[in-house]
Amino acid sequence: MKINGSRLLANLHSISKFTDTPGEGVTRFSYSPQEARAREYIIKRAEAAGCDVKVDTLQNIHIGLKSNRPGRRTVMAGSHIDTVQNGGWLDGIYGVCGALEVMETLSEHIADASSSVTDEGDILNYNYQLTVFAEEEGSNFGSTMTGSKFMVGLYNEPDLDKLMDGSGRTLRDALKNLDNIPDSTECRTPLYNRSDVDLSQVRIDLDNVKSMFELHIEQGPVLAREGYQVGIVNCIFGMRVIEVTMSGVGNHAGATPMAERHDALCAAAEAILAAESLVSADPNKRAVVTAGHIECLPNQSNVIPETVKFTLEVRDNDNDSINTYMEKCIQAICEVAERRQVGCEIREHSKAAPFNLSDRIIDDMQKRADAEKLNYKVMNSGAVHDACMLAYYVDTGMIFVPSINGRSHVPEEDTDEKDLVAGAQFLMDTILDELK
Ligand code: HGY
Ligand code: MN
Ligand code: MN
């Protein structure tokens, strides 16, 4: 069953225009007007294909094939449409458009809602559902995979008020004010009770899910560097994130002798470099550490920084290694604070354990890729994905395509069109096998 590659590419290019930073990458945070436009684009296409569309209170979108029927287990595919600040045009949205292309192709090959036989004679024994997971990047509230964590019950009612952005807006506030999205007439009247944030219909019946697939760009250098067309993911890295606040003594930048300073930014810089050299010493050359977010107060050139807050995240495919390196980093941070006589407060921010994906699905995918003579590599994912949340409960598989120069989460993020189409075709073939 062949997908329509030009339709896939046209959808990707159309949705890439929904950005708050045109010309400087894609910025499309969950619950923003731009994301509302992307959602509406996807929902309109799904409805045109005769699909059933449900939007839950977290704004996860569930799209069902027209021939889905109650009582049959479901094969899910999906990803996210939100991005990081000035991110790329493919992260997340490629998996959503790939799963949408599968949906549209299947719809074309099934006569109507009553039939489960395609015009190519394939009998579909399972339902097919496309899911768009909300707030995967955590760009609003700092926690990745938020929509999927609520769907599987890792997040619950208290988290609606715990998750807060820099302005003090909670996730609950954001969800209750969606109506204020400007020109929201374009946006879907969500198919749920608007009076409050009702989590009751967010949890999915995981027993009813046979398997889940996520198509994604690799976001790293491996496939492009080694010349592979497709990656079959065997393990998704875990991560542990802490938030460090270092409190020094603010003072005049000119009149304060160097020996009398307690500069919070110099302390943070030394602590971050200590973490970098600790994790870079990993003999497996696999663990990674990043201090991606930093706030410096009062952030003025002629004032010695008084307070610095930064995040530190450690990732690896082994949970013990994550914790060992994070504990070593915490020890180093405390040692720097002590020696420089600055205050130091460390808060656990979030974590997700690494997860090995389903051997059954990896084997099936390898057999399929061998049959199609695809040039593929079985590999880890250094990025986390919503698939990881589902993988705890259902057979889950991930397909990667190469990222040019290994770049992602930046405007330069890109993948050759032929690889984008090949990856989506492999998803189509994999899902069709799974539906039989
Ligand atoms: O951070 C990640 O790995 C993902 O892009 N949210
Ligand atoms: Mn992603
Ligand atoms: Mn991402």
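Which residue's side chain does a polar contact of 3.4 Å join to that of S116? In this predicted model, in which local features need pLDDT of at least 70, side-chain atom pairs count only at pLDDT 80 or more, and totals for chains, interfaces and linings use all residues, side-chain values use heavy atoms, with hydrogens and water left out. Residues are numbered from 1 along each chain as its sequence is written, while chains are lettered from A and ligands numbered from 1 in the order in which they are written.

The partner is R69, whose side chain is joined to that of S116 by a polar contact of 3.4 Å (a pair of N or O atoms within 3.5 Å; within protein, one must be able to donate a hydrogen and the other to accept it, and residues adjacent in sequence count only if both atoms are side-chain atoms). A polar contact of 2.9 Å joins the S116 side chain to that of R72. S116 is placed in the loop between helix 3 and strand 4 (127–133); helices (H or I, at least four residues) and strands (E, at least two) are DSSP runs, numbered from the N terminus. The relative accessible area of S116 is 10%, and S116 is therefore buried (under 20% relative accessible area, with exposed meaning over 50% and partly exposed in between; 1.4 Å probe, protein chains only). Residues up to four places away in sequence being left out, S116 touches S67, R69, R72, D122, I123 and L124, contact meaning heavy atoms within 4.5 Å.

The buried residues of helix 1 are G5, R7, L8, L9, N11, L12 and I15, and they pack against helix 2 (33–48), helix 3 and helix 12 (417–435).

L12 belongs to the largest nonpolar core, of 101 residues, in which L12, L106 and Y128 touch the most other members. Such a core is a set of buried Ala, Val, Leu, Ile, Met, Phe, Trp, Tyr and Cys residues joined through side-chain atoms within 4.5 Å. Helix 3 (residues 93–109) supplies the largest share of this core, nine residues. Apart from this core lies another, of 24 residues, including A271, V308, V314 and C329.

Ligand 1 is surrounded by E136, E137, T144, R315, A383, V384 and H409, each with a heavy atom within 4 Å of the ligand. A nitrogen atom of ligand 1 is 3.1 Å from a side-chain N or O atom of E136, and a nitrogen atom of the ligand is 2.9 Å from such an atom of E137. An oxygen atom of ligand 1 lies 2.8 Å from a backbone N or O atom of V384. Of the 210 Å² that ligand 1 exposes when taken alone, the protein buries 93% (accessible areas by the Shrake-Rupley method with a 1.4 Å probe).

As to backbone geometry, a cis peptide bond with omega of about 5° joins L297 and P298.
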